Amino acid sequence: MKPLTLRTKLTLFYSITVSVLLTGFALVYYRVLSVGLDQALTQELIDRTSGLRGYLRFEEGQPVFAYDPTDPDEVSFINTATRYYQVYEIRNGTLLAESDELRALGVEYSAEDLSRYIQAPPSLIDLQTDQGKLRLRNEALAAEGGVYLLVVGTSLQPMEDTLTSFIKALAWLLPSGVLLAALAAWFMAGKALEPVAALGKAAGQIAVSSLDRRLPVRGTNDELDQLASQFNDTLARLEKAVAEMKQFTASISHELRTPLAVLRGEAEVALMQANSAEQYRRVLASQLEEFEKLTRMINQLLTLARAESGDVAIAHEPVNISSMTESLAEQLEPVAASKDVSISCKCDSDVILRGDAAWVERIILNLADNAIKFTPTGGHVQIKLSRADSSAILDIADDGIGISPDDVPHIFERFYRADPSRSNRADGAGLGLSLVKWAVDQHRGSIQVESTPGLGTRFTVRLPLSLWERAARQPAG
Ligand code: ADP
């Protein structure tokens, strides 16, 4: 079955609610009306009976109504009240007088019925006759030594007719009300959902090539406006991500093209010019270096891509960053010495943090490697590791070429390398610091850089210590 549209669902819901409400109201109103009419009719019958009793006299055992025939009010009352009436002599069970209407209907109490009314209080009975329902009031009265029963009636037909017309009116009013409500609901739902359809249409037209487009925000600040705004925010994020991706792809192609061109050029030149084994060996050695750089770059790229897509799990194990820093500084000494750069390392002992040893090592290596790389001959690199409250602080400072203030905000971006004329461009792809930043973030740490061109650079990394160490350092008790 085809699923119902939101508009149909809203219309159905609204129509059903209105039908239930209308029917409920109609039932309550019918009940109130019928009870009200019934009570009014009974009261009128009681009033009519007591009024008639006032005019009733017995002359020689025969009932007569003593009223003023010149008074139109009295005449009218007597005419109405005596439309249905009977007077019985209870004791001997005779019917003394009755109206034509009751005679025609053949209503007559038996002696047994009458005997029940002698002592009884006034009562009401409803009778079903050929001319519809009749309500009779029976009232016993004593006069002129006799006991009589005055019976006064009224037809219930007008009341029944009123109630029937009410039901008939409802029979078409209710469906028309529901139909009108359904039409109104259909129209209102259509109107309310119009902006949703417009949003859907606008959203459907947005493709990767047109991520700069935005959904219309009408300024009403309703739910739909909020939806459009949130969608627009998502679009903005997507646009940024796609732009970064494009930039990333362009950068990769660019980065790969240069070493490939070098490799190709070298091979072509060797093919044309080289003729001794020594010359070929030199070309192959140079090509091997290029291959190594390419491999390093591709590895870095893969790591970064895996890291950013969330595929890399960070371990949470105790890492002795003090001994790690010392041993890395030792390993780097020959590299620094080959450039005539001195390196010193001052570490607080046994600073232990909770983290991933391989990534912490990568952070230290990358920063120290950069410091050596961007420090000219005769320079100095200083590595310091200290403990402060709940963090390990790694400080790597050099007195190298520095970074210009314009470049500082970008150095953590992928492929970003500051002014290539000042640095040894061929030696890096601008990915090292992106990886460092990612690893620091994963360890819930922070990284700061201070640099003055020509004077040097200082990177400060703060990494939270392991809970394990903090607990151990707390005084017992
Ligand atoms: P690369 O692999 O090119 O070194 P990084 O991401 O590690 O890439 O660094 C990005 C850029 O930041 C470098 O190209 C360099 O311009 C600058 N930089 C990083 N560390 C230093 C430093 N210690 N001294 C001067 N410049 C630095």
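A salt bridge is taken here as a side-chain nitrogen of Lys or Arg within 4 Å of a carboxyl oxygen of Asp or Glu. In the predicted model, arginine 137 and glutamate 139 form such a bridge, their closest N and O atoms being 3.5 Å apart; arginine 137 is buried at 12% relative accessibility, and glutamate 139 is buried at 7%. Asparagine 138, which is placed in strand 6 (residues 132–143), is likewise buried, with a relative accessibility of 1%. The side chain of asparagine 138 makes a polar contact of 3.3 Å with the side chain of tyrosine 117, and, residues up to four places away in sequence not being counted, asparagine 138 also touches others, including Pro122, Ile125 and Leu149.

Across the whole structure, 18 salt bridges were found. In one of them, the side chains of arginine 83 and glutamate 101 meet at 3.3 Å, N to O; because arginine 83 lies in the loop between helix 2 (72–81) and strand 3 (85–89) and glutamate 101 in helix 3 (residues 100–105), this pair ties together parts that are 18 residues apart in sequence. Arginine 83 is partly exposed at 43% relative accessibility, as is glutamate 101 at 27%. Lysine 191 forms a further bridge with glutamate 194, with 3.9 Å between the closest N and O atoms, and these two residues, three apart in helix 5 (residues 157–204), are separated by about one helical turn.

Notes: Residues numbered from 1 in each chain as written. Predicted model: local features only at pLDDT ≥ 70, side-chain atom pairs only at ≥ 80, totals over all residues. Heavy atoms only, no water. Helix = DSSP H or I, 4+ residues; strand = E, 2+ residues; numbered from the N terminus. Buried < 20%, exposed > 50% of the residue type's maximum accessible area, 1.4 Å probe, protein only. Polar contact = N/O pair within 3.5 Å; in protein donor to acceptor, adjacent residues only side chain to side chain. Contact = heavy atoms within 4.5 Å.
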